[in-house]
Amino acid sequence: MKKLSVLALTVAAAFASATFASAANAGTLKIGATPVPHAEILEHVKPALAQQGVELEVVEFNDYVQPNLATDDGELEGNFFQHRPYLDVFVKDHGVDLVPVCSVHIEPMAVYSNKIKDLKELKDGALVGIPNDPTNGGRALLLLVNAGLIKVANPDDVTTTLLDITENPKNLEFRELEAAQLPRALDDLDVAVINTNFAMPAGLNPLNDALFIEGADSPYVNILVANSKSAQSEDMKKLSEALTSEDTAEFIRENYKGAIVPVGGAK
């Protein structure tokens, strides 16, 4: 009987240890993000989440495709890098199970150049770089419409493409590149339309360096995204609350000096 009791206690202790280890890992959230500002914002909320028993693991990406695919297949619980129009198009094109969790901030897209100081200096036949993904490409073209450089069939259509250009008085030539490549291609372009999360790591501040910048009424709010299962988890809700808190809004205002604007938690 003694031997059986000792064995039973040993098994019970081992089971309890395994259960504890499982519980310790149950509160881990793996979130994909582009480095600036998304990963920086996630790093900021890490301590607050840790106090609530949630370990936040930030996985950095430099493209707009892999984070969504990894979230869809469950490799990631969620991601933070994109705006709602991009998500809507991605879901439609790829048939993935992804949903918005909360809205966090706006990153104004802007026009940059290493060759001119004013868009009035743009010469006939100038080479213009824009993102090659459909949503950001359309967003870039609409920004150029607002800058008075081109006209398109429908200036409210976020899916506008080069084929929709109706007037191009300067005979601008367009080069479509991956969004992350545009800052590095500036020396080979006359101007480029660049997303803030790729402009800032390259030392470009939209408030100081842009030749033309998106208005504050932009519909392109950056969102936390998850698959439909992980979106309902208590840990994801805690992350959502942390990202939309006043503390995080103040962090964004203080660190990005208006180049990135917090918007709170409304979808």
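In which helix is Asp72 found? Asp72 is in helix α3, residues 66-72; helices (H or I, at least four residues) and strands (E, at least two) are DSSP runs numbered from the N terminus.

A word on sources. This is a predicted model, where local features need pLDDT of at least 70 and side-chain atom pairs count only at pLDDT 80 or more, while totals for chains, interfaces and linings use all residues. Residues are numbered from 1 along each chain as its sequence is written, and side-chain values use heavy atoms, leaving out hydrogens and water.

The chain has 9 helices and 13 strands. Of its 267 residues, 46% are buried, meaning under 20% relative accessible area, with exposed over 50% and partly exposed in between (1.4 Å probe, protein chains only). Asp72 counts as partly exposed because its relative accessibility is 33%.

Now the salt bridges: a side-chain nitrogen of Lys or Arg within 4 Å of a carboxyl oxygen of Asp or Glu. By this rule there are 7. One of them pairs Glu214 with Arg139, with closest N and O atoms 2.5 Å apart. It links distant parts of the chain: Arg139 sits in helix α5 (residues 134-146), and Glu214, 75 residues apart from it, in the loop between β11 (212-213) and β12 (221-227). Both Glu214 and Arg139 are buried.

Glu234 and Lys237 also form a salt bridge, at 3.5 Å. Both lie in helix α8 (residues 234-243), 3 residues apart, about one turn of the helix. Glu234 counts as exposed because its relative accessibility is 51%.
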